[in-house]
Amino acid sequence: MTKITVSKLHRNKVEFTSPLGNGVAVWCGEPPEVSGRYNVEFDVDDIFKWGLNINDVCQEIPEIKVNGDGMLFVSQVISYESDGVLTVSLGGQIIFLDVESYPGGSKFVSFSTAIKNISLYPFEV
């Protein structure tokens, strides 16, 4: 779970701020209020290729930021399954990533994807 504040709404996309940084994503649910605070879960729908859109990083602080027309995330590696699922923690929120290959040994990774591949699902605690 990540707590965000919606700073801008354009159709089904929201710009937001969070303790991990700023971002833009597709909003899934009833339209949010600008300046509203929401608990959300991230869903990242992309296939990651090592060295292309996912890499090992030395940074050990989770982060979210806009990167051109996409988003960049820094997350802690939790585990890797032989079916290609890399489980990461983004500030405590678990995200499952489809990875074509994983060389292993990483504590933290950075991964990037287009904004259209990132969905936010609001929920109440």
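A residue is called buried when its relative accessible area is under 20%, exposed when it is over 50%, and partly exposed in between, with a 1.4 Å probe and protein chains only. The model is predicted, so local features need pLDDT of at least 70 and side-chain atom pairs count only at pLDDT 80 or more, while totals for chains, interfaces and linings use all residues. Residues are numbered from 1 along each chain as its sequence is written, and side-chain values use heavy atoms, with hydrogens and water left out.

The protein contains zero helices and twelve strands; here helices (H or I, at least four residues) and strands (E, at least two) are DSSP runs numbered from the N terminus. Along the sequence the pattern is β-β-β-β-β-β-β-β-β-β-β-β. The radius of gyration is 14 Å, close to the 14 Å that the globule rule gives for 125 residues, so the protein is as compact as a globular protein of that length. That radius is taken over C-alpha atoms, and the rule is 2.2 Å times the number of residues to the power 0.38. Along the principal axes, the C-alpha atoms fill a box of roughly 40 × 25 × 25 Å.

Of the 125 residues, 43% count as buried. Contact means heavy atoms within 4.5 Å, and among contacts with a separation of 6 or more, 65% come from residues 24 or more positions apart.

Leaving aside residues up to four places away in sequence, Asn53 touches Asp46, Ile47, Phe48, Ser110, Phe111 and Ser112. Its side chain also reaches the backbone oxygen of Ile47 at 3.4 Å. A polar contact is a pair of N or O atoms within 3.5 Å; within protein, one must be able to donate a hydrogen and the other to accept it, and residues adjacent in sequence count only if both atoms are side-chain atoms.

Two other loop residues concern backbone geometry. Most residues other than glycine have a negative phi. Arg11, in the loop between strand S1 (2-10) and strand S2 (13-18), has a positive phi near 55°. Ser35, in the loop between strand S3 (21-27) and strand S4 (37-44), has a positive phi near 75°. Arg11 counts as exposed because its relative accessibility is 75%, and Ser35 counts as exposed because its value is 57%.
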